[in-house]
Amino acid sequence: MRTWIRHRAAILIIFLLTVLAVAGGVWRYGYGQALDQLARRGEADLALGADSLTAQLKRYQELAVLMAEHPSLLALSQNPAIATAERGHPLLLEAADKTAALDLIYARADGTILATAQQDVAPPTTLAQSPYFKRALQGALGAHHQVDPRFGRRAFYYAVPSFSAEGTVSAVLTVVLDVEDVEGNWRGDGPTVFFVDDLNEVFISNRSELVFWRRNPTAPGLLPPEGTAPAFRAYSRAGHEIWQLDWGPYIPARGLHIVQDLPVIDMVAEAIVDVSLARRIAGLQAGTIAAIFMIFGLILLQVLERRRVLTEANAELENRVTQRTQALSATNEALRREITEREEAEAALKKAQADLVQAGKLSALGQMSAGISHELNQPLMAIQTFAENGTRFLERDKADKAGENLSRISQMATRMARIIKNLRAFARNENEPTGRVDLVSVITQAVELTEPRLLQDDITLNWSPEAQKMPIFVRGGEVRLGQVFVNLITNAADAMIDQPARQIDISIQTAPRLCVLVRDTGPGIDAPDKIFDPFYTTKEVGTSEGMGLGLSISYGLVQSFGGNIRGSNHPEGGALFTVELESWPQESAA
């Protein structure tokens, strides 16, 4: 017993270690997969944010390019006699108000200010030493960013040159935009995004608390302006850089670090994407696998425990058998009688089982006989009609006509053999291979087969095979598909016996799906959901036509072709049967 307990404890320890190892592996794999998806989405978000920023900055760049050649500004630079701030101020102020620019400054090539949009704030004395101004003097677009000393705000500068008639730079128009206005459009949205300039300083961010933080030269993190290093740790997981940090309530404590270079604005875009969702997904996957393993372990433990109990029970049983050998010898006679009784009961059980099997065979044979009787009824009626016609033709010495009727009787006999073959195959769940069938030809044959019955009951059948512009090929069996339409026409004729107007309309619809519509002017269907059930019929009890197998067999045949059949009531009265069939592919039909 103690050995078993020690053995079971060792198995449990090994199993738990295995579960932990598997769960850990699943967690690492799931975490890596989730990080891959998160990285793709984060890169897309970062690219979207960078595109949004550059698009907004480009709007001010285009403003500078368009305004630099304005005639009023060119007049200021070309005619020093009229170069006063009041002449250009209204134009620049209007442009600043419409575009929300912080300021617009127009200066000569020597840096002298000619006009500004903001007159409430003292303009700079000269722009000659500004890097963006120097760039514009070279005939190129100047761009720069810094904290504007006049406004005390972060600003972005675009400087565009104005050229004189000689082709030299005569003046420079500078557009100053407020970075906070740009940030206001996407502040707080999406993951944490910040843009670091060439001074390793965060100049733009959708998290205001990161502005002016500087990159740590000894580590990939950032340092706040006051220099106190916040909690930060960087490590790699599944090929991705993860930052674990404590930078504020609106910045994730653990995030995926993504970097994108933006040479257009001379900055580097970086994003920190929260990985808590990826960790939860990985934890859920690992927990699920661990739970499955634990359930499997409990089942295995139960099996082992039961096996141990059975082993102990067998040992105890053997001991008792040994001790009671003599007592069992005395009861042998009673056991023999009991064995005899059990053998007799087993024989009776086998006989009852054989009787049940025979009863099942008889029931199946009865259903098959009913189906064969129903399926052969119409060909037999046709044979009888052709035989009677042949006799009359022989009495009138019209041997050729009689021969035609005998030929049709032979065809009907062949057709009956094929019908019996198909019914036997249907009963054994065996079918002839389906192939290409001419749908128009099949319907025409069914109409010809039921024509005597329709003439007898004065029923008009509207079917125009000539109206079909081309052959319509479907997937199915010619005999079985023809039997479906024979059943539908016959059932429609039976339903209209007591109706004053008797008409059957057959048409083919090719769109949106190929289907055949069979409509009658009878009383309609009482229970459309039961119409295809075996032995369901609305005909009079006791008649040979009322076994209720025709539509059930037709339903099975159409289903075997990959199609469908539905019965409903037409809005204008009567029943409407829709037979949906699968079109034969054009390349196969060719």
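**Entry 1: helix α6**

I began with helix α6 and noted that Ala278, Ala282, Ala286, Ala290, Gly297 and Arg308 are buried there, where buried means under 20% relative accessible area, exposed over 50% and partly exposed in between, with a 1.4 Å probe and protein chains only. The model is a predicted one, in which local features need pLDDT of at least 70, side-chain atom pairs count only at pLDDT 80 or more, and totals for chains, interfaces and linings use all residues. Residues are numbered from 1 along each chain as its sequence is written, and side-chain values use heavy atoms, with hydrogens and water left out.

I then looked up the span of α6, which covers residues 276-323, and found 48 residues reaching 69 Å from the first C-alpha to the last, close to the 70 Å expected at 1.5 Å a residue; the expected span is 1.5 Å times one less than the number of residues. An α-helix has 3.6 residues a turn, so residues three or four places apart point the same way.

**Entry 2: the whole chain**

I recorded 13 helices and 20 strands in the chain, taken as DSSP runs numbered from the N terminus, helices being H or I of at least four residues and strands E of at least two. Buried residues make up 38% of the 590 residues. Among contacts between residues at least 6 apart in sequence, 58% join residues at least 24 apart, a contact being heavy atoms within 4.5 Å.

**Entry 3: nonpolar cores**

I looked up the nonpolar cores, each a set of buried Ala, Val, Leu, Ile, Met, Phe, Trp, Tyr and Cys residues joined through side-chain atoms within 4.5 Å. In the largest, which has 54 residues, Leu92, Tyr106 and Phe195 touch the most other members. Helix α1 (residues 2-68) gives the most to this core, with 14 residues. A second, separate core has 48 residues, including Ile409, Ala446, Val474 and Leu581.

Leaving aside neighbours within four places in sequence, I listed the contacts of Leu92 as Met67, Leu73, Leu104, Tyr106, Ala115, Thr116, Ala117 and Leu173.

**Entry 4: charged pairs**

I counted 14 salt bridges in the structure, each a side-chain nitrogen of Lys or Arg within 4 Å of a carboxyl oxygen of Asp or Glu. In one of them the side chains of Lys98 and Glu94 meet at 2.9 Å, N to O, and both residues lie in helix α3 (residues 85-99), four residues apart, about one turn of the helix. Lys98 counts as exposed because its relative accessibility is 65%, whereas Glu94, at 40%, is partly exposed.

I next checked Arg150, which forms a salt bridge with Asp103, the closest N and O atoms being 2.9 Å apart. Arg150 lies in the loop between β3 (142-148) and β4 (153-163) and Asp103 in strand β1 (residues 103-108), so the pair ties together parts that are 47 residues apart in sequence.

Arg566 is partly exposed at 40% relative accessibility, while Glu580 is buried at 14%.
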